[in-house]
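Thank you all for coming; I would like to walk you through one model this morning, going from the overall fold to a few local details. Please keep the structure open on your screens as I speak.

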Amino acid sequence: PVVLPEILGLFDEVVFIDNASTDATVAEVARIAVEHEHGDRIKIVSYPFSIARCGDEHWATPEDSVHNLAYYYNWCLSQCSFDYVFKWDLDMVPIPGQSGALSEAFSKIDHQAAELWSVRCQTIYKSPQGDWYAANDEVNKEPRLHPNSANVRYRKARMWEALQPDIELVDREVHTPCIYELKDTSVDEFDHWTNTTDLSPRKQTEYANYCAVRDGRVDPATFTLLRSTDLPSSLR
């Protein structure tokens, strides 16, 4: 309910992959599909196999296994219908007022060329008291938008999957931060990792900031308290 209504107007199709969730996720997605203006763009698909956690568990899983992250994401791509695909995680929402930057990028795609678009994501943390803080050191550029082609696929990397195309892609990017990555410190945001001592450098920063906000150690030099107007309406 936080993410889907915010992005349905951006895309021609939203392929929602459910991986054996045990809560009311699928029912909620189905409700949004019925009630939202653009709900007919949602396609709900189930992936029934457990997926190895990032880190050592992933590294020990063969790349051609249905439990491997790279295999899983390539399967997800195979469910998409359009020429370009945007990998959108369910903890991401557009930053208020910045959806236009994404729409503008989509309008600039050259379909005669193979382009890889990167976007900037700002990580924000919800404290146990319900306040949201932006981590000043966590604006990360990520490749998210690319051709949906057999030549552009994910491969097994040390910690997780990595996009490794077999063809040369033209690098493009959205320079303005336009996406919030949401982290709620009241839940375990790292249960998809083998353990918290086996983290990438970026995730080490994220884990330190997560623990700081969770434990009430909010240094103004590191974090900015977000105002209500800085947040999507669904988070206010």
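This is a predicted model: local features need pLDDT of at least 70, side-chain atom pairs count only at pLDDT 80 or more; totals for chains, interfaces and linings use all residues.

Let me begin with a definition: the radius of gyration here is taken over C-alpha atoms, and the rule for a globule is 2.2 Å times the number of residues to the power 0.38. With 236 residues, a compact globule would have a radius of gyration near 18 Å, and the protein has 18 Å, which agrees.

Residues are numbered from 1 along each chain as its sequence is written, and side-chain values use heavy atoms, with hydrogens and water left out.

Along its principal axes the C-alpha trace spans about 45 × 45 × 35 Å. The protein has 6 helices and 11 strands, where helices (H or I, at least four residues) and strands (E, at least two) are DSSP runs numbered from the N terminus. Of the 236 residues, 45% count as buried, and by buried I mean under 20% relative accessible area, with exposed being over 50% and partly exposed in between, using a 1.4 Å probe and protein chains only.

Let me turn to the strands around β5, where two strands are said to pair if DSSP finds at least two bridges between them. β5 is mostly covered, with 10 of its 12 residues buried. Which strands does β5 run parallel to, and which does it run against? It is joined to β6 by 9 bridges in an antiparallel arrangement, whereas 6 bridges join β5 to β10 in parallel and 4 bridges join β5 to β9, residues 170-173, also in parallel. As individual pairs, Gln122 has Val139 of β6 as its bridge partner, Ile124 stands opposite Leu182 in β10, and Glu115 stands opposite Val170 in β9. The hairpin of β5 and β6 has 5 residues between the strands, and there Gly130 takes a positive phi near 95°.

Next comes helix α6, residues 201-214. The expected span of a helix is 1.5 Å times one less than its number of residues; for the 14 residues of α6 this should give 20 Å, and the end C-alpha atoms are 20 Å apart, which agrees. Buried in α6 are Lys203, Glu206, Asn209, Tyr210, Cys211, Ala212 and Val213. Their cover includes β5, β6, β10 and β11, and here, as elsewhere, contact means heavy atoms within 4.5 Å. After α6 comes Gly216, with a positive phi near 80°.

Now to the interior, where a nonpolar core is a set of buried Ala, Val, Leu, Ile, Met, Phe, Trp, Tyr and Cys residues joined through side-chain atoms within 4.5 Å. The largest such core has 37 residues, and those with the most contacts inside it are Phe86, Trp88, Leu102 and Ile179. A second, separate core of 30 residues includes Val45, Val152, Leu199 and Tyr210.

I will finish with Glu161, which lies in strand β8, residues 161-163. Is Glu161 buried or exposed? At 13% relative accessibility, Glu161 counts as buried. Not counting residues up to four places away in sequence, Glu161 touches His58, Leu69, Ala70, Tyr73, Lys87, Tyr154 and Arg155.
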